[in-house]
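Dear colleague,

Please read the notes alongside the model.

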Amino acid sequence: MVAYPSIYINKEVSQHQAETKKVTTLRLAAMKAQGEPISMLTAYDYTMARLLDAAGIDILLVGDSAANVMAGHTTTLPITLDQMIYHGACVVRGVQRAFVVVDMPFGSYQISPETALASAIRIMKETGADAVKLEGGTHLFSTISQFTAAGIPVVGHLGLTPQSVHQLGGYGLQGKEGVAADKLFEEALGLERAGCCAVVLEKVPASVAARVAQALQIPVIGIGAGSGVDGQVLVSQDMLGMEDRFTPKFLRRFASLGEEIKQAAEAYITAVKERSFPSDAESY
Ligand code: KIV
């Protein structure tokens, strides 16, 4: 048997621990400090959460994009708090390692800081998630401070905030001009001061996002925000190629599962129609 000096064994153990131990706010902060990119994907159900967690994803976001991806709505506005809690609890049951963030849906945090806190507490109690996420800047600073005072980790979301699509007039690039970029930068600093443990930046110029990531101590996760941030997030069904109608510049497809699922369903239908399924070996 080879006798390894303890320095190597310790290194091996700590690396293994980093790979298998539950991701926490502290781990995310350490990843930022060490310059280790953070991977984040959406999940809305148990089966997908299990697969993505087993692959080693750092953060799973139970996004209110479930309104689009799971329910077929054209905006994220219709999804309810009860529906987000249902999706959140399903995802948490499938996860061993990833940090799970649940989006607060439109209407669950805009009325007052008190109703916002009540919504966040319901999410934390009824899903078992690790954090909540909400969209917006300055007007939410006091709400976020109340969450963190109550022990609830909060992820902010700036840039393109889909819950405000009607106010923004569409899903275009945000923070483009000097004034808008400066406002976004100040709001990101404010989110950190208010107590956010991370911030998502959606669809903003890469230079603006990189400036924010450099200034903030907390991780900045981008979607359509270039490579100068601390991590990346995509909607899983988009990056797996299950949806071919959504083709923004920032989206890279890492698989063509939509085509594979269609081919598998066609093969099944043929096998049923020609009575080759089930075979004797597949029967009792
Ligand atoms: O709901 C969602 O999927 C999101 C990501 C796009 C960041 O908020």
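Helices (H or I, at least four residues) and strands (E, at least two) are taken here as DSSP runs, numbered from the N terminus. On that basis D64 falls in the loop between β2 (59-62) and α4 (66-69), while D103 belongs to strand β3 (residues 99-103). The model is a predicted one, in which local features need pLDDT of at least 70 and side-chain atom pairs count only at pLDDT 80 or more, whereas totals for chains, interfaces and linings use all residues. Residues are numbered from 1 along each chain as its sequence is written, and side-chain values use heavy atoms, with hydrogens and water left out.

The ligand site

Around the ligand (a residue counts as near if one of its heavy atoms lies within 4 Å) are T42, L61, G63, D64, S65, D103, K133, H157, V200, E202, I223 and V235. This shell divides into four nonpolar, four polar and four charged residues, where Ala, Val, Leu, Ile, Met, Phe, Trp, Tyr, Cys and Pro count as nonpolar, Asp, Glu, Lys and Arg as charged, and the others, Gly among them, as polar.

A polar side-chain atom of D64 is 3.0 Å from a ligand oxygen, a side-chain N or O atom of D103 is 3.1 Å from a ligand oxygen, and for K133 the corresponding distance is 2.9 Å. Taken alone, the ligand exposes 260 Å², of which the protein buries 95%, with accessible areas from the Shrake-Rupley method and a 1.4 Å probe.

The ligand takes up the space of the largest pocket; a molecule sits in a pocket if more than half of its atoms lie within 2 Å of its grid points. A pocket is, on a 1 Å grid over the protein atoms alone, an open set of points where a 1.4 Å probe fits, with protein on both sides within 12 Å along at least five of seven lines, and its lining residues have an atom within 4 Å of a point.

Record annotations

Under "binding site", an unreviewed UniProt entry lists D64, S65, D103 and K133. These residues span 70 residues in sequence, yet no two of their C-alpha atoms are more than 12.4 Å apart, so they gather at one spot. The lining of the largest pocket includes D64, S65, D103 and K133. Please bear in mind that such annotations may be inferred rather than shown by experiment.

Backbone

F277 and P278 are joined by a cis peptide bond, with omega about -5°.

Best regards

Methods
Polar contact = N/O pair within 3.5 Å; in protein donor to acceptor, adjacent residues only side chain to side chain.
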